[in-house]
Amino acid sequence: MAKQDISPDSLAQKTFVVMLLGAFIYITVVFTFIIGGNRQEESAEPAQAGQHD
């Protein structure tokens with residue numbers, strides 16, 4: 001293998017970009033499944049509340 005000098009600054013920059021993308025994906029998934037799911041449940045509750053056995 002060829003010797004490569006890896007700059008700490010470039011490594012930190014690449015790590016920051018990967019972490020930023022991961023955080024964006026995490027926030028998107030949390031919003032979609034948790035917050036979006038709660039909105040669907042809230043809209044379904046009034047229809048179910050009128051049904052009494």
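Student: Is Ile 35 buried, partly exposed or exposed?
Tutor: This is a predicted model, where local features need pLDDT of at least 70, side-chain atom pairs count only at pLDDT 80 or more, and totals for chains, interfaces and linings use all residues. Residues are numbered from 1 along each chain as its sequence is written, and side-chain values use heavy atoms, with hydrogens and water left out. Buried means under 20% relative accessible area, exposed over 50%, and partly exposed in between (1.4 Å probe, protein chains only). Ile 35 has 36% relative accessibility, so it counts as partly exposed.

Student: Where does Ile 35 sit?
Tutor: Helices are DSSP runs of H or I with at least four residues, numbered from the N terminus. Ile 35 belongs to residues 8-49, which form helix α1.

Student: And how does Phe 31 count?
Tutor: Phe 31 is in helix α1 too. Its relative accessible area is 43%, so Phe 31 is partly exposed.

Student: Which residues does Phe 31 touch, leaving out those up to four places away in sequence?
Tutor: Contact means heavy atoms within 4.5 Å. With those neighbours left out, Phe 31 touches Gly 36 and Arg 39.

Methods: Helix = DSSP H or I, 4+ residues; strand = E, 2+ residues; numbered from the N terminus.
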